[in-house]
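Dear colleague,

Please find below the structure that I am handing over to you. My findings follow directly after it.

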Amino acid sequence: MMMEWLILIVAILVLSIVSVWTSQVSEHKYVSLENLIVLISLYLTMMIGFGLIYTILEINGYNVFVKNYNDIAGGFFSVLQDSLYFSATTLLSVGYGDVIPIGAGRWLAVVEALLGYIMPAAFVARVVIDWEKEHMIR
């Protein structure tokens, strides 16, 4: 059951990333609210997706991160909260050091951090390519 969920989450992440290249850009609006919403939704999808991957692995006994603070509450929601927080700090920065990846979590964190750095560049490249296509046609 765990593998099916992981495959589904990874598929959603891949489709979300591919959507940057396949979505339609409004004509003559390269910097728009629509583009901002697409970028924000992409980041939210990646953050939640990786957070769910960390959660699934943690609750199934695979230690992917360790916390540098005492957590009184345990259980699913505590793991989910820590996973989403760890995912957000990994995707949007280099982390704060209060949740540290271990084992396979290190490789997941590397992939997530790499995507966090690449996505803005890919988004800008997409806008530039579309702008060039429009101006080459004229």
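The largest nonpolar core has 23 residues. A nonpolar core is a set of buried Ala, Val, Leu, Ile, Met, Phe, Trp, Tyr and Cys residues joined through side-chain atoms within 4.5 Å; buried means under 20% relative accessible area, exposed over 50%, and partly exposed in between, with a 1.4 Å probe and protein chains only. Among the residues with the most contacts inside this core are Leu 13, Ile 53 and Phe 86. Helix H1 (2–22), helix H2 (33–59), H3 and H4 each give two or more residues to the core, and H2 gives the most, with ten. Helices (H or I, at least four residues) and strands (E, at least two) are DSSP runs, numbered from the N terminus.

Please note that this is a predicted model, in which local features need pLDDT of at least 70 and side-chain atom pairs count only at pLDDT 80 or more, while totals for chains, interfaces and linings use all residues. Residues are numbered from 1 along each chain as its sequence is written, and side-chain values use heavy atoms, with hydrogens and water left out.

The protein chain has four helices and two strands, in the order α-α-β-α-β-α along the sequence. Of its 138 residues, 36% are buried.

Ile 53, leaving aside neighbours within four places in sequence, is in contact (heavy atoms within 4.5 Å) with Leu 6, Ile 9, Val 10, Leu 13 and Leu 108.

How many salt bridges does the structure hold? There is one, a salt bridge being a side-chain nitrogen of Lys or Arg within 4 Å of a carboxyl oxygen of Asp or Glu. Lys 67 pairs with Asp 82, and their closest N and O atoms are 3.1 Å apart. The two partners lie 15 residues apart and link distant parts of the chain, with Lys 67 in strand E1 (residues 65–67) and Asp 82 in helix H3 (residues 76–92). Lys 67 is partly exposed, at 27% relative accessibility, whereas Asp 82 is buried, at 5%.

Glu 112, in helix H4 (residues 104–137), is buried yet has no salt bridge. The nearest side chain of opposite charge, Arg 106, is 14 Å away; here Lys and Arg count as positive and Asp and Glu as negative, while His and the chain ends are not counted. Leaving aside neighbours within four places in sequence, the contacts of Glu 112 include Met 46, Tyr 54 and Thr 90.

Yours sincerely
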